[in-house]
Amino acid sequence: MSDNRFSSTDPVYERFMQRQLQEGMELARSSDLLRLHLSPMTPPHFVAEFLCNGLIRDGAGEINQASDFRVGIWFPPDYLRRADPFEMLRLFTPGVWHPNVSRELPLICIGRLTPGTTLVDILYQLFDILTFQKYNPRENDSLNKTACAWARENAQKFPIDRRPLKRRPLNLEVQPL
Amino acid sequence: MQTERKHVVVAGAGGNTGSHLLPHLARMPGIGRLTLVDPEFYEPGNLAVQNIDRVDVGQPKVEAQAEKLRRIRPGLGESGLDVVALQQRIEDVPRGLLKSDLIVSCLDSRAARQHVNEIAWRLGVPWADCGVLGSQNLVRVNAYLPGQDAPCLECSWGSDQYSALEQEYLCGAGSGAGFPTMASSALGGLAASLMAIEIAKLLHGEAVESMAGRQVILDAEHHAVQVTAERRNPWCRFDHRTWQIEAWACRPDSTTVGTALNTLGSLQVEGHRFACELTCPGCGHREESLRLNRPLVRCPRCDRRMVTTGFGSLERLEPELVGKYSHLTLAQIGLRAGDIVSGGNWHHRVLEAAA
């Protein structure tokens with residue numbers, strides 16, 4: 001699969017992007033919890049839709065389980081050489097309740113990001129965060145300090161979703177009698 | 001015969017190596033102009049390892065050093081030394097101001113050195129880099145001569161080096177600063193001397209071929225010298241392009257974005273993006289704008305670094321994306337004389353301050 005929207009004057013970047021598209025789509029095909037598509041908007045970015053269980057805080061302040069989270073992922077042209085995780089990710093779903101997610105801003109923090117980290121790695125990191133397999137336990141540098149304190153009290157409920165992102169083969173072989 | 005008087009740019013001019021290097025450069029008759037770049041101020045702790053006096057504490061590093069250089073060799077006359085002090089990060093200096101005969105890096109940040117490498121290649125200017133490792137008494141000097149097939153700084157980088165780039169991030173103790181090299185004043189002086197000798201060779205021209213693409217490591221602990229010839233890495237993540245850059249007599253304070261886009265088709269400043277919306281991750285303060293994100297903007301309320309949230313920035317300005325901002329002048333969106341702007345078809349122009 002190739003997409004000419006990644007055509008660039010830089011062949012190294014172009015090859016990288018084609019590979020991300022291919023690997024990302026492959027992961028989405030073998031997952032029940034992930035849909036992935038390329039957005040038609042500028043700049044060209046991926047939209048990942050996670051169907052896993054996570055938490056949303058509604059207008060009344062109640063924390064509820066939800067299972068549809070959308071994140072935009074953009075790879076700038078110099079992504080292989082320097083990366084700014086602020087710029088690259090945008091959480092489209094409002095109200096997500098998590099220590100690594102801002103309450104007002106569309107920010108989700110996956111921590112340090114090495115330039116050239118693959119799309120699949122980023123998708124796994126986002127999945128781990130949304131399902132509370134990972135979160136920042138330190139209140140002082142958390143994006144949502146209240147959620148951070150809350151997470152400490154409720155750690156026994158985590159992860160919210162134990163299903164693996166990638167479907168496991170069932171291996172149902174019928175043994176001959 | 002009057003020899004050509006060279007222009008040398010020193011990035012990280014006030015530091016452990018830079019402060020020892022500058023007096024050597026001032027005493028080289030072939031150098032007629034020095035541009036010093038360093039954003040920092042001298043602190044009391046610098047007295048122990050940097051070539052400064054007590055009176056310099058509290059001063060901007062570039063100003064204190066420029067003062068010393070003028071005492072060594074005043075600026076007037078044919079043999080004078082012209083010193084330009086730029087108190088900013090090397091990443092933020094308009095790249096046209098760095099067009100010179102040699103760029104010297106005495107920086108402790110890997111990310112800043114990566115920028116210098118890029119700048120040197122774009123401008124087609126040779127550059128020399130040095131580093132010190134205090135715990136092992138090591139001194140390193142590298143020289144690079146831009147070319148499509150010449151090795152660059154990033155040619156030897158793998159993902160370990162890329163992941164060691166300084167990065168600020170939202171949660172966890174992110175840091176934009178380099179780690180301390182713990183180098184003594186003597187080691188900085190040693191690096192400076194070795195560097196100064198290489199600089200003389202590079203400026204002389206004849207030695208360029210032999211020096212370029214080499215790394216010299218001086219191990220003062222075990223009295224050993226290691227010389228490595230580097231190779232162009234065909235998988236290098238940097239494109240190794242050198243640009244043809246034209247002068248563009250355009251006043252940033254009177255040319256509007258709309259006019260500029262009419263001329264250029266599109267507008268981009270490599271190394272920076274245009275922020276359309278800046279937000280503070282600390283207090284949520286938000287500013288709508290169109291401005292080159294340089295220098296990094298701090299929140300007016302809580303002083304945290306403001307960020308462009310996902311997709312809140314533009315790599316390149318295009319007529320249909322600019323909309324209501326097209327009447328702003330280039331200066332109002334953060335461009336300065338000396339900036340190199342790239343238009344459609346990768347046509348590069350340097351903004352000249354019109355007289």
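Leaving aside residues up to four places away in sequence, A:A48 touches A:L34, A:L36, A:V71, A:I73, A:L123 and A:L126, where contact requires C-beta atoms, placed from the backbone, within 7 Å. This is a predicted model, in which local features need pLDDT of at least 70, side-chain atom pairs count only at pLDDT 80 or more, and totals for chains, interfaces and linings use all residues. Residues are numbered from 1 along each chain as its sequence is written, with chains lettered from A and ligands numbered from 1 in the order in which they are written.

**Nonpolar cores**
- The largest nonpolar core has 71 residues, and A:A48, A:F50, A:I108 and A:L126 have the most contacts inside it.
- Such a core joins buried Ala, Val, Leu, Ile, Met, Phe, Trp, Tyr and Cys residues through C-beta atoms within 7 Å; buried denotes 20 or more other C-beta atoms within 10 Å of a residue's own.
- Helix α3 (residues 119-130) of chain A gives the largest share of this core, 7 residues; helices are DSSP runs (H or I) of at least four residues, numbered from the N terminus.
- A second, separate core of 60 residues includes B:L190, B:L203, B:M211 and B:L218.

**Helix packing**
- Helix α1 (residues 11-29) of chain A packs against α3(A) at an angle of about 40°, with axes 8 Å apart; axes are lines fitted to C-alpha atoms over the stretch in contact, and angles run from 0 to 180 degrees between N-to-C directions.
- A:Q20, A:E23, A:G24 and A:L27 of α1(A) meet A:L119, A:V120 and A:L123 of α3(A).

**Chain contact**
- In all, 34 residues of chain A are in contact with 26 residues of chain B.

Methods:
Two residues are in contact if their C-beta atoms, placed from the backbone, lie within 7 Å. A residue is buried if 20 or more other C-beta atoms lie within 10 Å of its own, exposed if 12 or fewer, and partly exposed in between; C-beta atoms are placed from the backbone. Helices (H or I, at least four residues) and strands (E, at least two) are DSSP runs, numbered from the N terminus.
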